[in-house]
Amino acid sequence: MGKYDDIINLPHKQSAKRPHMSLLDRAAQFAPFAALTGYDDAVKETARLTDERIEMSEENLNVLNMKYQILVDRLDEEHEVSFTYFVPDGAKSGGAYVTKQGIVKKVDNFERLITLCDGTRIPMDDILTIDGDIFGSAELL
C-alpha cells in the first residue's frame, strides 16, 4: 500500500465562496514582472535605423536647378515626374529618403515647395534627385 493511496483518487475540492480561476489568470501570475515600463519601446526606438542627409556637390545642385527650371517652364504639360527626397525623422536625428512619383501641380519658389496633384508637398531643399521623361533621354550631367 502506497503513502497517498487513500486520497489519490478523491475529487479536487472547489470553493463554494470563490469562482474557479481561469487558466489565463493563473498563467498571468507567473508572467515576468516588467519593472521598467516602456524600456522595451525605448530599446526598439534606439535600434531603429535612420539615414543621414546627403550633402550634394555643386555639380549635382546645378543639375537639380536646371531640372527645376524645366519643371517650371513646362508646368502646364502635366508630365509624370519622380522625386527622391529626404524626410526628417520626428523622434531622432536623421531620417529617410523617400521616392514619390506624380504630376507637378505647382512650384512655389517663395516657400520653396513643389506640390503634386495628389496634394503631396515636397520641400525643394530636401530633394536629392528628379527624374522623368520631361527631362529627355540625354543626361544633364
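Which element gives the most to the lining of the largest pocket? Keep that in mind as you go; the model on screen is predicted.

**Stop 1: the sheet.** Select the five strands. They form an open sheet with antiparallel pairing, in the order β4-β3-β2-β1-β5. Step across them: the twist averages 40° from one strand to the next.

**Stop 2: the edges.** Now colour β4 (121–123) and β5. Both stand at the edges of the sheet. Each has a single partner strand, so one side of each is left without a neighbour in the sheet.

**Stop 3: β3 and β4.** Select residues 113–116, which make up strand β3. This strand pairs with β4 in the antiparallel sense, over three bridges. Pick out T115, then look opposite: R121 in β4 is there.

**Stop 4: the helix across the strands.** Show α3 next. This helix lies across β1 (80–88), β2 (95–108), β3 and β5. Against β5, α3 runs at about 50°.

**Stop 5: the pocket.** Select M56, L61, M124, D125 and I127. Of the 16 residues that line the largest pocket, these lie nearest its centre. Two elements give two or more residues to that lining: α3 (58–73) and β5 (127–132). The answer to the opening question is α3, which gives the most, with four residues. The volume of the largest pocket is about 220 Å³.

**Stop 6: the lining by type.** Colour the pocket lining by residue class. Expect 10 nonpolar residues, one polar and five charged.

**Last view.** Keep α3 and β5 on screen together. Both contribute to the pocket lining, and α3 lies across β5.

Conventions: Residues are numbered from 1 along each chain as its sequence is written. This is a predicted model: local features need pLDDT of at least 70, side-chain atom pairs count only at pLDDT 80 or more; totals for chains, interfaces and linings use all residues. Side-chain values use heavy atoms; hydrogens and water are left out. On a 1 Å grid over the protein atoms alone, a cavity is a set of points where a 1.4 Å probe fits but cannot get out, and a pocket is an open set with protein on both sides within 12 Å along at least five of seven lines; lining residues have an atom within 4 Å of a point. Grid points are joined across faces, edges and corners, and a volume is the space filled by probe spheres set on the points. Ala, Val, Leu, Ile, Met, Phe, Trp, Tyr, Cys and Pro count as nonpolar, Asp, Glu, Lys and Arg as charged, and the others, Gly among them, as polar. Two strands pair if DSSP finds at least two bridges between them. Axes are lines fitted to C-alpha atoms, for helices over the stretch in contact, and angles run from 0 to 180 degrees between N-to-C directions. Contact means heavy atoms within 4.5 Å.
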